[in-house]
Amino acid sequence: MEYSQERSDDLMRAYDEYLASCDYIRMPDVYNNIVNMPSRRFWVSDIRAALVISAMMRGEARLDKMCASKREMYEEIYRRVAIMREKYPDKTTSELCAMVVIQPAPKFYLTPGSAKIMVCKARKEWIRRKQQRLRRF
């Protein structure tokens, strides 16, 4: 994915924030909560968003074939593009999608299982980098 490191960093920010707010930590609850925390942007490329949103506008999108979280993300992007189209009628769908995907998103649009995999991978990388720094001393 084009934005995998940035998305991972944003997810780890949410993970750290959530853990800091907890008195008691239950890992399944952690992943359920962090995927529903606000994200700094929509984690989809503007090109992919424009393709899907254009298909939605033509009534040709196969949203029923998407997983629920991805479908919800595209519906939110579509809603925002429709609002922005009224404000910027001269802009193309591609331009509007590029403007929308960099806006803060209400959530990560990931499953808790996907978030768990991404957090575990990011933590492994963090530990590896920390060990490399310690070996230098």
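Visitor: Which residues of helix α5 (residues 93–101) are buried?

Guide: In this predicted model, T93, L96, C97, V100 and V101 of α5 are buried, where buried means under 20% relative accessible area, exposed over 50%, and partly exposed in between (1.4 Å probe, protein chains only). Helices (H or I, at least four residues) are DSSP runs, numbered from the N terminus.

Visitor: What puts these residues on the same side of α5?

Guide: They cover an arc of only 125 degrees around the axis, and therefore lie on the same side of α5; the arc is that of the directions from the helix axis to the C-beta atoms. An α-helix has 3.6 residues a turn, so residues three or four places apart point the same way. The buried residues of α5 pack against α3 (46–58) and α4 (68–87).

Visitor: Why is R41 called buried?

Guide: R41 has 9% relative accessibility and therefore counts as buried, the limit being under 20%. R41 is placed in the loop between α2 (27–34) and α3.

Visitor: What does R41 touch, not counting residues up to four places away in sequence?

Guide: R41 touches Y3, D10, V101, I102, Q103, P104 and A105, contact meaning heavy atoms within 4.5 Å.

Visitor: Is Y109 buried or exposed?

Guide: Y109 is buried, because its relative accessible area is 8%. Y109 lies in the loop between α5 and α6 and has a positive phi of about 60 degrees although it is not a glycine.

Visitor: On what basis are these values computed?

Guide: Local features need pLDDT of at least 70, side-chain atom pairs count only at pLDDT 80 or more, and totals for chains, interfaces and linings use all residues. Residues are numbered from 1 along each chain as its sequence is written, and side-chain values use heavy atoms, with hydrogens and water left out.

Conventions. Helices (H or I, at least four residues) and strands (E, at least two) are DSSP runs, numbered from the N terminus.
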